[in-house]
Amino acid sequence: MVVPSKVLYVDLSRRRFWTEDWGDLFEAYLGGASVGIRLLMDECPKGVDPFDPDNPIILVVGPLTGLYPLASKTVAFFKSPLTGNLGESYAGGRSAVSIRLAGYGAIVIRGASRTPIYLAIHGRRVYFRNASGIWGMRSTYTVGRIIRELEPGAGLRTIMRIGVAGEKLVRYANVVTETYRHFGRLGLGAVFGSKKLKAVIVSGRSGIPVRNPKEFRKVYREIYEKAVTTSLMRKYYELGTSMNIMPLNELGALPTRNLRDARFEMGSNLSGEELARKFLGRRVACTHCPVACIHLAALREPYPDEPYFYKTTMIPYDYEPLYALGSMLGIGDVEGWLRLMDEVESLGLDAMSTGVALAWATEAYEGGLIGPEETMGVELSWGRADAYIQAVRLIVRQPNEFYRTLGMGVEKASEVYGGREFALAFGGLEMPGYHTGPLAYVGFMTGGRHSHLDSAGYSYDQKFLGKGLPDPEEAGKLIFREEAWRQVLNSLVVCLFARKIYDAETVSKALKAVGVERSPEELEKLGVSTLRLRHEFKAREGFDPKGLRIPRRILETRSPHGRIDPEYLRKAVETYFREAGTSGGLG
Amino acid sequence: MTLQHVARRVAVVDVNRCVGCQLCMFACSRKKGFGGFSKSAIMVRSVGGFERGFTVIVCRACPDPPCVKVCPTDALRPREGGGVLVDHAECIGCGNCVEACPVRAIFWDDEAQKPNVCVYCGECVQYCPHGVLALEEVSPW
């Protein structure tokens, strides 16, 4: 079998495991997103509560994993406790290569344990390990450190773990892997927590035979050269994604103080340039990625109680967390931002949702919708990193109804406390950092997982600057086509930062060299069918485009394309869903 | 110009530049026609977590290789100028060499039940994007 097709099933309730070969499924649909959504359709009972043991966790890799550079991602499928619908999340680190070289195309985790455990998967051997001694541990860093010592396979393994946020079922808790990469956004960490699953470690070092080794080496070289010698990936390997801060801020597209503004007067403090100059301590890479986009800031801090006593903490920075925990909260003091980021990382929260939730809470606090009683005395106020650090801890600890609700996301919190018009979530997911124009929002509303990475509307907005927007029908179609093609990349599963390298021709050639025949046209068809299936799943679980809410705030604050016209959004969204085969537009 | 035999080795010239991408490990297996790591004779792992950086383990072509001394079938022979040469046909897969190497630079191929020993070809060097590795002459101090 050229395509990895063995599926490891683990039943946490009965503490059993077995493998099945799904050759036909993987042959037909390659892997990743395409196989994952089909497994989810099958595994996830209709209408299941996301915290029910029957909600599966499905991890899938693809046909290029372990073979080509930048095929570095694993996709996780599950039902999201944040949106109550499709859960789909991507992470790199060593996850993908470890899963494939352990011998698997996918891992399906069912059931729930009664006591805290972690799973150790070393090739064909699978162990249920007691995790009661690491449950409730303060920091995801420490959990990683302990498991590193306990388990074999250094350099050949992934350690996916949750923080206290996942244990406490915060709906936007993430799963951390290799300390700095995340299955973020849709609450996979909380699903782990609901299963009392603290971590999953996978190790393997098998070989992958290929049909045509000579051609394989040749195509590999071409892809490698494109990645390291052309400008296709420059922004990721120089300043990293944080290089977006300056241009988006200048454009007036950087959401600031809960999007009351789209320019942050202290934006340059948070810029990639500034962070590199003052803090960049190390760059690291996911397995099989020459780019090394993971930028780590070295924060050196003195201890107040002992002279000449310092600690240095390595804290990851990227554009999205800089937006959500920075400009969105009015934090222009970088050290404050780094400390807040470190807290969010230690606890295992999604940085974007956390920031957007706190931004809503700050505005609600200012407007008197909530008061010190709700916040338990925390003075939520723009720019106050220390107050936000306290609030983050309380979101995880959940000592009262307010923080419990805030831990359910901004959609829910605004339902209970008001402030809907400035609760910035789409389809139940807190918004990403792009107030670039209407296409970004069309993408947030329509995308299968309501992510900016579904269809990159923000990128189209920027392309159309100065040229005028396409009419809304065309915009809807454009967003659909982009999302459909991304289903192919997500089936392989390559990093979306490498999307310019993996065009249809290159993908076809890369597959052929290892023994998989797929024409560019066949690939495109696979993308469309996969995207339609995602929407079929979403409809099955109760998603209705008519229920989509446009928060008034996005219409009030000027974007680089001027004020956003809700009519444009409605028409584009309607067209998109017509393309997707599910009827209806916004209500 | 007379061509002299020059013993080369893969040198880790600056481990602080290593980002942990493991492209060298893939290059090594790929040279033998495989994806994945089963044939790799070089290894990259973190020094206790990604935040602390990485260590790169590869045969340093030592002048008096201990692996040679424990091979029961003489499948491993010293190479002129440092390092070893392997005759896979003679190797019975006992694994003594893996244990004998103090830098743990001999890796085990589970699928073939044979050791992976660096052949000093420099393929990995060509795929190191950040200047960690170099092919250089073995030079005694």
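Predicted model: local features only at pLDDT ≥ 70, side-chain atom pairs only at ≥ 80, totals over all residues.
Counting a residue as buried when 20 or more other C-beta atoms lie within 10 Å of its own, 15 of the 16 residues of α13(A) are buried, so the helix is largely enclosed by the rest of the structure. Just past the end of α13(A), A:G368 adopts a positive phi of about 80°.

Now for the sheet in chain A. Six strands build an open, mixed sheet, and its order is β2-β1-β6-β3-β4-β5. The edges belong to β2 (16-21) and β5 (86-91); each has a single partner strand, so one side of each is left without a neighbour in the sheet. From one strand to the next, the twist averages 15°. Further in, β3 (residues 57-60) and β6 (residues 106-110) of chain A run antiparallel and are joined by four bridges.

Over to chain B, which has four helices and nine strands. Along the sequence they come as β-α-β-β-β-α-β-β-α-β-β-α-β. The radius of gyration is 15 Å, close to the 14 Å the globule rule gives for 141 residues, so chain B is as compact as a globular protein of that length. Its C-alpha trace spans about 45 × 40 × 30 Å along the principal axes, and 45% of its 141 residues count as buried. Among contacts in chain B with a separation of 6 or more, 60% link residues 24 or more positions apart.

Notes
Residues numbered from 1 in each chain as written. Chains lettered and ligands numbered in written order. Pairing = 2+ DSSP bridges. Helix = DSSP H or I, 4+ residues; strand = E, 2+ residues; numbered from the N terminus. Axes fitted to C-alpha atoms, helices over the stretch in contact; angles between N-to-C directions. Buried ≥ 20, exposed ≤ 12 C-beta atoms within 10 Å, placed from the backbone. Rg over C-alpha atoms; globule rule 2.2 N^0.38 Å. Contact = placed C-beta atoms within 7 Å.
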